[in-house]
Amino acid sequence: MHIVDRRLNPGGKSLPNRQRFLRRVKDVAQRAVRESAREKDIKDLGKDGRVTVPADGVREPRFSRQPGSGRQDHILPGNKTYVEGDTIERPPGGGGGRGAGEGGDGGENGEDAFQFVLTRDEFLELFLEDLELPDLAKRRLAVVETEGLRRAGYTITGSPANLALTRTLRNSMSRRIALKRPKPDEVAALEARLAGMRETDPERPDLEASLAMLRERSKRIPYVDPIDLRFRRFEPYPRPIAQAVMFCLMDVSGSMTEHMKDLAKRFYILLHIFLTRRYRHVEIVFIRHTDRATEVDEETFFGSRETGGTLVSSALVEMKRVITERYDPNDWNIYAAQASDGDNVSSDGPTATDLLRAHILPACQHFAYLEVGDENGPRAGFVEHRTTLWRTYEAIAKGGGALAMRKVNHRREIYPVFRELFGRKDAKAEA
């Protein structure tokens, strides 16, 4: 049995068909996206992506006939044994041998893979689907993200469904009164008076002239004119959502090698892609520090070089200042992510601890610390040598502070660690 559907797709169905296909192969496509992300640079993640999935993952349903059952007609050229009407015994095992296409499986690579191109939005949707900012939308609603519709008076044009009957009839009545359009009662009264008069009555010609004038005036002044029409008008208005700010803190002291800075940059670039995808109105504050901290723009944060010692508390003091001046914790969801090699002045530990416990963590929904190490260091998540800053933050985390800690040494570890820091709680539980 062969069924061939030669119908063309109706107009405007290409996008729904594509979306339906992506939903059908979502799991396979998501795995392919994450595999391709390992081979891409972070800066290329926001671009369109070509992904490859196994052909088995995109098989479509098809009808097949069960071998060895039903009635089957065959033409066997060169037959010298059977004639029409003879019964042929069924082969042992109930089957007729290997079917078409079963001459060899060809191994794992015997079948081509399926390759298709995802748009930027489709790629990022699959790439970042199960990530989110923890505890978003706890604070007051303030920043606009979506728009709704509300009544905004009347307009002279619009859809018939939005016709304002009361306002239209009121305009019609005002116009008819102003133009002195005859009322139907006046015309009916004059017609009744004429009907009761004799043809020879001397007043009849004047009444007939008045009736003709009223009828003509009624025709010239319509009951409802196009200028009377009024339609309800709607306009978009801002619909508020929760607002959030993300603080990015990075150590740029002399102990940070180029490899470490590259890891930190990749983490924040990935974070930036995530934030701009998920939350259009999340503000980002960049703070760099050595023994002094300053708030900088994005280009300076990732581009300029500095040397000097390390004083982590300087970055926390700067963050506290920015929060006090611009981001009231009662109105903002505050998140922070810090990248460092773990070096810090020993005497600065108590100061940093006090700042975090008394000012930073109470104002934050989430604080993530990423410790970057040498490329040949231990694998992610394993801390062979606890640095000064790691021990300081570890004590705070064990004390119940809203602080998450991870360590990375290689660029391939950035994305898995990022997923650990910002994965959904339900997704983590399932994993």
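Tutor: Begin with contact, which means heavy atoms within 4.5 Å. The model is predicted, so to speak of local features requires pLDDT of at least 70 and side-chain atom pairs count only at pLDDT 80 or more, while totals for chains, interfaces and linings use all residues. Residues are numbered from 1 along each chain as its sequence is written, and side-chain values use heavy atoms, with hydrogens and water left out.

Student: Which residues of H9 and H10 meet?

Tutor: Helices (H or I, at least four residues) and strands (E, at least two) are DSSP runs, numbered from the N terminus. From H9, Ser313, Leu316, Val317, Met319 and Lys320 meet Thr351, Ala352, Leu355, Leu356, His359 and Ile360 of H10. By class, this contact of H9 with H10 has seven nonpolar, three polar and one charged residues. Here Ala, Val, Leu, Ile, Met, Phe, Trp, Tyr, Cys and Pro count as nonpolar, Asp, Glu, Lys and Arg as charged, and the others, Gly among them, as polar.

Student: How is the packing of two helices described?

Tutor: By the angle between their axes and the distance between the axes. Axes are lines fitted to C-alpha atoms, for helices over the stretch in contact, and angles run from 0 to 180 degrees between N-to-C directions. The axes of H9 (residues 312–326) and H10 (residues 349–363) come within 9 Å and cross at roughly 20°. H9 is therefore roughly parallel to H10 (angles under 35 degrees count as roughly parallel, over 145 as roughly antiparallel, 65 to 115 as roughly perpendicular and the rest as oblique).

Student: What about H10 and H11?

Tutor: Their axes come within 10 Å and cross at roughly 40°. H10 passes H11 in a right-handed crossing; a crossing is left-handed if the near helix is turned anticlockwise from the far one by less than a right angle, and right-handed if clockwise. Gly349, Thr353, Leu356, Arg357 and Leu361 of H10 make the contact with Thr392, Tyr393, Ala395 and Ile396 of H11.

Student: Is threonine 392 buried or exposed?

Tutor: Buried means under 20% relative accessible area, exposed over 50%, partly exposed in between (1.4 Å probe, protein chains only). Threonine 392 counts as buried because its relative accessibility is 13%.

Student: How many residues are in the largest nonpolar core?

Tutor: A nonpolar core is a set of buried Ala, Val, Leu, Ile, Met, Phe, Trp, Tyr and Cys residues joined through side-chain atoms within 4.5 Å. The largest has 34 residues, and H7 gives the most to this core, with nine residues.
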